[in-house]
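Dear colleague,

Please find below the structure that I am handing over to you. A summary of the findings follows it.

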Amino acid sequence: MSNGSAERAVVLGGSISGLLTARVLADAYGEVLVVDRDRFTGPGVRQSVPQGRHAHGLLARGQQAVEELFPGLTGELRAAGVPVGDVSARMRWYVDGHRLRPGPTGLLIIGAARPVLEHHVRARVAALPNVRFVEGHDITGLAATPDGNRVTGVHVQERAEGSTPRRLDAALVVDATGRGSRAPKWLRDLGYPEVPEERVKVDLAYTSRRYRLRTNPFTDEQSINVIATPGHPRGAFFHTLGGDECLLSLTGLLGDHPPTDPEGFVAYAKSLPVPDIHEAIADAEPLTEPVCFRFPASTRRHYERLTRFPEGFLVVGDAFCVFNPVYGQGMTAAALQARTLRQHLGGTLRPAEFFADAARVVDAPWEIAAGGDLAFPGVTGRRSVKTHIGNAYVSRVQSAATRDAEVTNAFMRVAGLIDPPQALMRPRLALRVLRGARRAARGDDQLAA
């Protein structure tokens with residue numbers, strides 16, 4: 001498919017993934033339409049994005065990718081009061097009740113509330129002269145050639161009484177509608193085979209609440225994070241939102257969900273293996289009621305394995321691969337997929353080639369998230385020998401990181417998707433990991449040399 005400048009591209013979904021996709025398509029197409037069921041009225045939580053009320057972060061690699069797509073955005077967010085800081089030195093991380101030893105990494109993490117980040121990104125995209133938003137519209141299906149070999153547009157209908165369906169013709173349609181994507185059904189309707197899926201069932205829930213603090217627990221930090229482990233499966237993300245406001249998201253998996261009644265919410269926070277968060281909210285003023293978001297399973301759709309696929313159609317973001325949100329990888333993976341798409345827009349865009357490269361982009365975050373979840377005995381999914389060995393080693397990495405800032409920084413580089421998981425196995429680091437894990441096991445307070 002040629003990317004002639006006079007052609008139109010349509011992006012389905014106006015969330016982070018759709019916005020980033022529209023940004024790169026704007027460089028290659030004469031017109032880009034972003035279709036979304038919501039109407040955007042400002043930086044508020046959208047009805048179709050219930051996870052917008054919960055803790056979000058743009059990982060280090062995501063910050064770099066988004067800054068590349070929107071130069072100056074990090075500074076703009078800082079100026080707007082969004083917390084931006086070093087992923088280790090400005091964050092308090094706990095594993096099994098022990099704090100990971102912090103140290104400067106030079107890597108930034110953006111801890112914006114999801115609606116705020118979306119608002120700033122959307123404003124940048126909306127300023128592009130060839131991008132237009134088609135708001136308040138449902139997507140009713142794809143338009144294609146009679147033989148189904150090419151997608152030629154999309155059918156939409158305004159969410160208003162008396163509206164009728166209409167067709168938006170396009171040289172390219174990109175599905176960025178998220179984990180509820182209907183692309184597998186649309187493909188079946190066009191005569192294509194079932195999309196292979198891989199699922200890791202976690203039965204996770206977030207419950208979140210905003211507070212105004214009376215006692216500031218953060219000092220110069222921007223968040224306090226408790227990483228869930230098989231030994232202590234309850235977790236938390238406690239973010240400053242600027243000023244004296246903060247957001248607490250409690251997490252629990254395998255049905256052990258944080259309650260939504262205020263007393264139960266506070267009791268769940270008290271059950272965490274460290275007291276920092278409970279002590280901070282004990283005298284804080286609640287600004288919202290606790291609200292819950294459930295996440296049943298991480299799902300990877302292997303579009304790259306299909307032997308047939310229509311021209312003029314792509315799938316990105318959570319519609320392509322959705323991760324357990326506690327790892328914070330979704331927005332970063334979307335940004336990396338947008339960069340990958342940009343690399344394919346210089347000539348003939350072939351879906352099979354794009355999907356092959358997009359699959360490589362999500363390999364590392366999938367290994368981290370799905371593999372990490374499989375360390376919990378009750379989580380269902382395919383466990384390989386590599387999974388068992390990797391989880392045993394990561395446990396030692398985390399233990400060593402409580403004594404050694406260099407190990408913490410290496411762990412954060414992998415968690416931030418800067419380095420691949422295999423980087424933790426480099427001989428020099430592996431020696432520090434094994435030595436540090438032994439010291440932690442015997443309670444030796446001596447720092448790693």
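A pocket, as the word is used here, is an open set of grid points with protein on both sides within 12 Å along at least five of seven lines, and its volume is the space filled by probe spheres set on the points. Please bear in mind that the model is predicted.

The second largest pocket holds about 170 Å³ of space. Its lining consists of Arg61, Leu336, Arg339, Thr340, Gln343, Val361, Ala364, Pro365, Leu417, Ile418, Asp419 and Pro420. Two elements, H8 and helix H9 (351-373), each give two or more residues to this lining. The most comes from H8, with 4 residues. Sorted by class, the lining of this pocket has 7 nonpolar, 2 polar and 3 charged residues.

The structure contains 2 cavities of 30 Å³ or more. The second largest cavity has a volume of about 40 Å³, and the residues that line it are Ile16, Leu20, Leu58, Val66, Leu117, Val121 and Met331. Helix H1 (16-25) and helix H4 (114-126) are the elements that give two or more residues to the lining of this cavity. The lining has 7 nonpolar residues, with no polar and no charged ones.

The packing of H1 deserves a separate account. The crossing of H1 and H4 is left-handed. On the H1 side the contact is made by Ile16, Leu19, Leu20, Ala22 and Arg23, and on the H4 side by Arg114, Leu117, Glu118, Val121, Arg122 and Val125. By class, the residues of this contact comprise 7 nonpolar, no polar and 4 charged.

H1 also packs with helix H8 (residues 330-343): their axes come within 9 Å and cross at roughly 20°. H1 and H8 are therefore likewise roughly parallel to each other, and their crossing is right-handed. In this contact, Ile16, Ser17, Leu20, Thr21, Arg23, Val24 and Leu25 of H1 meet Met331, Ala334, Ala335, Ala338, Leu341 and Arg342 of H8. The residues of the contact of H1 with H8 comprise 9 nonpolar, 2 polar and 2 charged.

Met331, one of the H8 residues that meet H1, is also among the residues lining the second largest cavity.

With kind regards

Note on methods
Residues numbered from 1 in each chain as written. Predicted model: local features only at pLDDT ≥ 70, side-chain atom pairs only at ≥ 80, totals over all residues. Heavy atoms only, no water. 1 Å grid on protein atoms, 1.4 Å probe; cavity = no way out; pocket = protein on both sides within 12 Å on 5 of 7 lines; lining within 4 Å. Nonpolar A, V, L, I, M, F, W, Y, C, P; charged D, E, K, R; others polar. Axes fitted to C-alpha atoms, helices over the stretch in contact; angles between N-to-C directions. Parallel < 35°, antiparallel > 145°, perpendicular 65-115°, else oblique. Left-handed = near helix turned anticlockwise from the far one by under 90°. Contact = heavy atoms within 4.5 Å.
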